[in-house]
Amino acid sequence: MKKGIIKYVLLYSAALAGIALVLQWAQYRYLVMQMPGEGYIALIAVVFVMIGIWVGIRLTATSGPSAFERNDKAIAALRLTPRECEILDHLSKGASNKEIARTLGISPNTVKTHIASLYMKLEVTGRGKAVEAARTLALIP
């Protein structure tokens, strides 16, 4: 990353040097005397804005969204079961215990048991905190 920034700083410096040469070539003193101060300042501001936009576009990453990769190491370290991972996926979508139970074909009490186990393993006290912790650990998208 530092090499890329150095490259753009050098390009920026070269552009400024080029501008200085053009201004000298155009008889800088004559231009300053003929143009009002505000106009000259506005011209310099426009040049700097254009260069800033160009550098910003070049430095900004334009890659598309990457596919989600589940953190298998964290799953193994927390000893999460595949069913608990499924429950986490449904919790992240905001599903209720009954909806999760219907979708997975298990009883609501079993869902409650899995959720309690998740809370203990993730060391949290609520659904929102469980989802937040799971997203931080890259367990769910």
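The tour goes from a helix to a loop residue and then to a lysine.

Before you click: this is a predicted model, so local features need pLDDT of at least 70 and side-chain atom pairs count only at pLDDT 80 or more, while totals for chains, interfaces and linings use all residues. Residues are numbered from 1 along each chain as its sequence is written, and side-chain values use heavy atoms, with hydrogens and water left out.

**Stop one: helix 6.** Select residues 97-104, which make up helix 6 (helices are DSSP runs of H or I, at least four residues, numbered from the N terminus). Show side chains for N97, I100, A101 and L104: these are buried (under 20% relative accessible area, with a 1.4 Å probe and protein chains only). Now look down the axis of helix 6: its buried residues fall within an arc of 100 degrees, so they line one face (the arc is taken from the directions from the helix axis to the C-beta atoms). They pack against helix 5, helix 7 (108-122) and helix 8.

**Stop two: L80.** Find L80 in the loop between helix 4 (72-78) and helix 5 (82-92). L80 counts as buried because its relative accessibility is 9%. Contacts (heavy atoms within 4.5 Å) beyond its neighbours within four places in sequence include L88, L118 and L139.

**Stop three: K129.** Go to helix 8 (residues 127-136) and pick K129. At 52% relative accessibility, K129 counts as exposed. Draw a C-alpha distance from K129 to Y119, ten residues apart along the chain: 8.8 Å.

Key: Helices (H or I, at least four residues) and strands (E, at least two) are DSSP runs, numbered from the N terminus. Buried means under 20% relative accessible area, exposed over 50%, partly exposed in between (1.4 Å probe, protein chains only).
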